[in-house]
Amino acid sequence: MKVLYLAGALSMLFTTACLADEPITVSGCAVPGVESRCIVLKAVDGRVYNISAAKPSPTLGAYGQIKGVLKSRAVSTCMQGQVIDPAAWTETGQKCPSAK
């Protein structure tokens, strides 16, 4: 019984560590999300992040960099992309690639 308890406790410890929030810096284009008032970042590597919490609020269609905390288990009304909150937005002046 003690072995079973120890195994359960260790699995919870490792699961929690794997799901911990982590700092992130990523660049891409700020575009409107599928839900109203949602802003997502389409990163250079193709990943999508929910950056609706970014300060200052990103200009849609602008290319920039976001620094913040990637929330591993966050759920939002945007229903799109991994949530970065809190997030700091900086426009870089680069142009967003054309959609194909």
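The legends below describe close-up views of a predicted model.

**Figure 1. Confidence along the predicted chain.** The mean pLDDT of the protein chain is 86, and 79% of the residues score at least 70. Where pLDDT is low, the predicted coordinates should not be read in detail.

**Figure 2. Pairing of strands β1 and β2.** Strand β1 covers residues 22-32 and runs antiparallel to β2, with five bridges joining the two. One of the paired positions is glycine 28, whose bridge partner in β2 is alanine 43. The hairpin formed by β1 and β2 has six residues between the strands. Arginine 37 in this hairpin adopts a positive phi near 65°.

Figure 3. Strand β2 spans residues 39-43 and is mostly covered, four of its five residues being buried. Strand β3 (residues 48-50) is antiparallel to β2 and is joined to it by three bridges. Valine 40 has asparagine 50 of β3 as its bridge partner. Four residues lie between β2 and β3 in this hairpin. In the turn, glycine 46 has a positive phi of about 95°.

**Figure 4. The largest nonpolar core.** This core contains 15 residues. The members that touch the most other members are Val26, Leu41, Tyr49, Ile51, Ile66, Ile84 and Trp89. Strands β1, β2, β5 and β6 each give two or more residues to the core. In soluble globular proteins, nonpolar side chains tend to be buried together.

**Figure 5. Surroundings of valine 26.** Residues up to four places away in sequence are not counted in this view. Valine 26 touches Leu41, Ala43, Tyr49, Gly64, Gln65, Ile66 and Ile84. Among these contacts, Leu41, Tyr49, Ile66 and Ile84 are listed with Val26 as the core residues that touch the most other members. Ala43 is also the bridge partner of glycine 28.

**Figure 6. Cysteine 78 in the loop between β5 and β6.** Cysteine 78 sits in the loop that connects β5 (63-71) and β6 (82-91). Cysteine 78 counts as buried because its relative accessible area is 4%, under the 20% cut-off. Its contacts, leaving aside neighbours within four places in sequence, are Val34, Glu35, Cys38, Asn50 and Ser52. Of these, Asn50 is the bridge partner of valine 40. The C-alpha atoms of cysteine 78 and isoleucine 51 are 9.9 Å apart, with the two residues 27 residues apart along the chain.

Definitions and conventions: Residues numbered from 1 in each chain as written. Predicted model: local features only at pLDDT ≥ 70, side-chain atom pairs only at ≥ 80, totals over all residues. Heavy atoms only, no water. Buried < 20%, exposed > 50% of the residue type's maximum accessible area, 1.4 Å probe, protein only. Contact = heavy atoms within 4.5 Å. pLDDT = per-residue confidence, 0-100. Pairing = 2+ DSSP bridges. Core = buried A, V, L, I, M, F, W, Y, C linked by side-chain atoms within 4.5 Å.
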